[in-house]
Every structure is written in structure tokens, then in C-alpha cells.
Amino acid sequence: MGFAENRGEYWRGRYKIAPGKYGTVADEYGKTIRFRTKRAAEKAAAVEEEKALTASRATAAPEPERITFGDYASRWYEGQDLAASTMQNYRRHIEEHLLPQFEDAIVSEITKGEIDAWERSERERGYAASSIKTWRGTLHLILADAVDEELRESNPATRRRGRGKRAGRSRSRGPEKVVTSALGVLLIAERAALLSGRDDEFVGVVLKGYTGMRWGEVVGLETEFIRPAAVRVEHQLYELDSGELHRCPPKDDSYRTIDSPGWLSNLLAGQIARAGERPCECHGRRYLFSGHAAANGAARRPGAKLADVARAAGVSTGTVSNVLNRPGSVAEATRAVVEKAMADLGYVRAWASGENAAHWRRNGFATWLFHPAVTGWYPKKSPQEARPVPLIAEPWPGIPARGRGAAGRAEASWVPIAPGLTPHGLRHSHKTMMDELRTPPKLMDERMGHEDGSVQARYSHITPEMRRELLRGLTEMWEGALAVRRRMSPGSPVAVLDALLRAGA
């Protein structure tokens, strides 16, 4: 309400314009009007205040649209134009974790308390803190766009740093990442190859352990990007929920050339020869690695492979094939060794696996090759419980026995190498190797596909000598691991490793 203010010789009218802000009654030229009486000043101030109030009502922002979170999230998702992998992740976050809680809530009425309560409930359900943080990040993005569209005034998903936490407590803390040594990489690679029955897994694990490449980059490595002394990262294969392997740029567009030691280049050259000239049907390109499972699902049937028999008997796969198809062409002593290996491994000819699938699958590789190689145990998979990998003891480190009664024929099992290690842990292991070699941070970032935007990194540069020093160090680690492995046993059932061990001897 307007009021009069005594200025000694006159009165002036004052009126409220906004909270904490007042105006003075003035004439058409903006000059303060001097009133002789208090009453006249009050009446004029009341009139001006009413005019100001009417004007503010006319310009006030309209009421925000009352739209539910479910409707807005669908509209928001359809408006995104991102990589297929990112779109898949957003869809999963929305459908599996946000809609069950907020689908019917009005966007403008969602409160910070409701979001915090949802976060606590997700934590009580046993989800990892890092996962919940990711889902809340997606919610924050959606509500931030709602603020931009003036559907609400502020973003309730914004977290004030340190607010609501006990001092020294981190909800995002997870278990320490497991890494392994150069010897661990070698032993895991050997076991993975024994489990798959071929050399591809040996080369793949070693490549990941000595370059730090991401899983999708290894799976999507095309033979044309293998250089004489380097590996070029140009694409990755990202596995979508639909099962499709999407060929796309590497994460964060981290295109890079990774220097490779001579011994690793030789391993990759041998793998190119084994990969053959035939392109995959899904992308029409030649990839360095193919899947270990059969394209027609036959590999899911129990039973040893022909390559397993060859390794157990110490002969070539051609010799095993001759024993099966032309037994008269094989020496009797050799035939007896091969037939004994078939009996020990439970090999049945009708269980041939057929053609391999075009690419490794993340879950299949981790579950049936990497985890057993690292721990010595097959994981629990209904209806079977977790169990040790059954082995025929000779040749060392043992040949996995397959088929019915495999556990009864087992003579040994593997001891764990690095329990808790994952395929991604090999990337951490490579970073640790470079730390041990005192590699300059700039070179480590380049190799790992990271980007450091600091001023220090901007003024640091990589020299040829730095690259040579790193390759020398990695070579020394590899040769040291081979020497230790050779002392364990001078040979290996894995052909590519056996050649390396015997050449060094």
C-alpha cells in the first residue's frame, strides 16, 4: 500500500514496485511531485502502486506446463541424436530405473527430497554406488532440459558437493581394482587359449595386456590397421542389447596409433595369417579375431574339440584327423597316443563345433574363458554350481577335460592367478606396467586414449626416445615372463607359446 513521506517542506508519495524495491510519484517528465498534505501524497501513491501491480500481472510468466515425467522423458529421448551405445544406455536408465519411480510425477513438482529418497531405495536394493550415480546423472540431464524449456524453475537433481554426507565418507567408493603382472598376463593368456582350443585367445589377451586397448577396440580391430611396428585404433565394435555389434568410433573419439614391440608385432602377424582372407558377414570386413563359440550354437554342446586332442597327444590336428578318417596312414604308436587322448578328454566325433561365430561376445568371453583362466573355476551357472576346471595333467599346465564325466577323469586343477581380475582389469594392468617403467604421463595418455587438458600437458611433448624406452621396457617384461614360464615347463600345449618357449631355450 502506498504511503506518504515527510520531506520537511513537502510530502512525497512512495509505492511498492517489487519486494524490497520502491518508487516515487513523479510527473510526466520524471520529476518528483511535491505534495502539500500527507493525504494527497498517500492517494497519489496508492494510484501508482495499483498501476505497477497491474503491469506486473500482465508480464508475469505463465504457469508451467503440467506434464508427467514419463511423457517428458519419452519426448526427451526421441529428441536425442547420439551414438547408438549412448542411446541404448539412456534408454536402459530411463526404463529400468527412472520410470518405475517418477513416471506419473509432474515434472514441475518433483522435489530434491523425492530424488534423494529414490537414490536411497536403489542403494538398499543392492545396486552399486557408481551405477546409481550414473542413473542420477541421466535424471539430471533430463530435468536440466526441462528447466531450459521453462517447465520448472530449477533442477532438483543437482547435488550440492558434500551436502548430506558424513565427513570423510564416500558413497562412490568401490573395491580396489585388481591388476596383474607381466607373468600374470602370460599365464592367463595360455589358459584362455587352452579353454578355447586355439591360439586366438592367447594373442588377444596378450594384446590387451600390453597395449591397454579397450574391449571393443580389440574385438573391432581390423587386419588393415595392423602396422609393422604399431596398431592403429580407428573403430570399435560395441555390443548392443539387441545382440548387434555396432561398428563405431572409439570411445571419446580416441583415435590413436599404439607403438608395439617387435615380438608383439610378430604375434599379430601370425594371427593375421590364421584369420584368413574371408570378411565377416555382419560388416564385410576382415577382423583380427573371431568368436570362440560356434555360429550355429554347436559349441554349447559338451565335448572336447579336435584341437584339444591334438594338444593332449602332442601331435597336429591333421594327425588327429587322419586317425579318425584314415587310421592306416598313421603309425601304430602315434595312433595309440591319439586314441588315449580322445578317451581321456571324452572326445566324441559327433560333437564337432562347426564354424566359429564372427566375433567374441563380451559375456561369453568373460564367463567361459577369462574368469576360469584367472581363477581356475567355472562360474556358477544354473543349474550347475561353481566348479574347478577339470584338467588332464599332462602336458603342463594341463588340458581342460570336457564332456560327461569330465570331473571324474580330472587329474588336476588350476590355482588362481589374480582372483577378481576382469578383462578391463588388463587395461589397468597395462597402465600399472607403464607406471613401473616411469613412462612420461603424456605418452601414457596417448597410449590409453586419454586426454589431459591441463596446462602442464599442453606444454609436454613425446619424443622418439620416450617411445623407444617404453618399448624396451615392455620387451624386458615380456622376456622376463617367458623366462619364468620356461622354468615352470619348457613347452606348452598352446602352439604359439610353445614356439616362443622353445625358441628362447
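How many residues does helix α7 have, and what does it reach from its first C-alpha to its last? Helix α7 (residues 200-211) has 12 residues and reaches 16 Å, close to the 16 Å expected at 1.5 Å a residue; that expected span is 1.5 Å times one less than the number of residues. This is a predicted model, where local features need pLDDT of at least 70 and side-chain atom pairs count only at pLDDT 80 or more, while totals for chains, interfaces and linings use all residues. Residues are numbered from 1 along each chain as its sequence is written, and side-chain values use heavy atoms, leaving out hydrogens and water.

**Helix α7 and what follows**
- Helices here are DSSP runs (H or I, at least four residues), and strands are runs of E with at least two, numbered from the N terminus.
- Because 12 of the 12 residues of α7 are buried, the helix is largely enclosed by the rest of the structure; buried means under 20% relative accessible area, exposed over 50%, and partly exposed in between (1.4 Å probe, protein chains only).
- Among the buried residues of α7 are F202, V203 and Y210, and also the charged-type residues D200, E201 and K208.
- Just after α7, G212 takes a positive phi of about 75°.

**Helix α8**
- V219 sits in helix α8 (residues 215-219) and is buried, with a relative accessible area of 2%.
- From C-alpha to C-alpha, V219 and A144 are 36 Å apart in space and 75 residues apart in sequence.

**The loop with D252**
- D252 lies in the loop between β7 (245-248) and β8 (256-259).
- With a relative accessible area of 66%, D252 is exposed.
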